[in-house]
Amino acid sequence: MAAAAAISDLDPLKDAAAVVEEIVRLERKIFPKHESLAKSFHDELRKRNSGVMYLKTNKGKEGEEEIVGYVMYSWISSLCASITKLAVKESHRGQGHGEALLKAAIQRCRRRTIQRICLHVDPTRIAALSLYRKLGFQVDELIRHYYSPGRDAFRMYLEFDE
């Protein structure tokens with residue numbers, strides 16, 4: 001990952017509306033309309049059991065930064081968390097940003113002494129599957145038509161011993 005990258009927690013009460021809107025634009029661009037949370041993003045941010053972290057990098061111009069990725073997570077129960085979104089701009093993929101965001105979200109979720117983190121991923125997204133496996137996630141089961149008719153998902157989990 002580039003040295004100029006920084007991960008921050010999104011605080012909808014403190015962060016500028018421009019930060020939230022930049023993440024919403026990224027959401028719209030990366031995910032198909034029926035999978036996007038763009039319309040309900042502000043509602044998602046108000047939930048007490050969820051969080052968002054985003055990664056900014058230098059744009060190249062002096063002092064200018066851009067958000068190149070984000071991760072959204074939630075606590076399903078006192079023992080289980082879920083990674084609900086992980087997204088990195090296409091032009092910034094393969095640079096370690098997704099891994100850094102996922103590791104940061106795992107650490108944040110672990111603060112709650114959970115035993116498991118779950119996520120869903122399209123089996124055709126090979127890079128995402130490789131990343132999740134690299135960090136210890138295992139396939140639990142294939143869920144048919146999860147995203148839409150004919151588009152399945154693997155449910156994956158990361159189990160903790162303690």
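The model you are looking at is predicted, with local features needing pLDDT of at least 70 and side-chain atom pairs counted only at pLDDT 80 or more, while totals for chains, interfaces and linings use all residues. Residues are numbered from 1 along each chain as its sequence is written, and side-chain values use heavy atoms, leaving out hydrogens and water.

Stay with Cys118 for a moment. Which cysteine sulfur is closest to that of Cys118? The sulfur of Cys80 is, at 3.7 Å, which is too far for a bond, because a disulfide is a pair of cysteine sulfur atoms within 2.5 Å. Cys80 is buried too, with a relative accessible area of 15%. The disulfide count for the structure is 0.

In soluble globular proteins, nonpolar side chains tend to be buried together. A nonpolar core here is a set of buried Ala, Val, Leu, Ile, Met, Phe, Trp, Tyr and Cys residues joined through side-chain atoms within 4.5 Å. The largest such core has 31 residues, and those with the most contacts inside it include Ile83, Leu102, Ile106 and Tyr132. Helices (H or I, at least four residues) and strands (E, at least two) are DSSP runs, numbered from the N terminus.

Leaving aside neighbours within four places in sequence, Tyr132 is in contact (heavy atoms within 4.5 Å) with Leu86, Leu102, Leu119, Val121, Phe137 and Met156. At 7% relative accessibility, Tyr132 counts as buried, and Phe137 does so at 3%.

Next come the aromatic rings. Rings of Phe, Tyr and Trp (its six-membered ring) pair if their centres lie within 6.5 Å; planes under 30 degrees apart count as stacked, over 60 as edge-to-face and the rest as tilted. The structure holds 3 aromatic pairs. In one of them, the ring centres of Tyr73 and Trp75 are 5.4 Å apart with planes at 85°, so the pair is edge-to-face. Tyr132 and Phe137 also form an edge-to-face pair, 5.9 Å centre to centre with 65° between the planes.

A charge sits over a ring if NZ of Lys or CZ of Arg is within 6 Å of the ring centre and within 35 degrees of the ring normal. The charged end of Arg112 sits over the ring of Trp75, 3.7 Å from its centre, and Arg110 lies over the face of Phe160, at 3.8 Å from the ring centre.

Finally, follow strand β2. Of its 9 residues, 7 are buried, so β2 is largely enclosed by the rest of the structure. Two strands pair if DSSP finds at least two bridges between them. β2 runs antiparallel to β1 (residues 6-9), joined by 4 bridges, with Asp9 partnering Met53 in β2. β2 and β3 are antiparallel too, joined by 9 bridges, and Lys56 stands opposite Ile67 in β3. These two strands form a hairpin with 6 residues between them, and Gly60 in the turn has a positive phi of about 115°.

Definitions and conventions
Buried means under 20% relative accessible area, exposed over 50%, partly exposed in between (1.4 Å probe, protein chains only).
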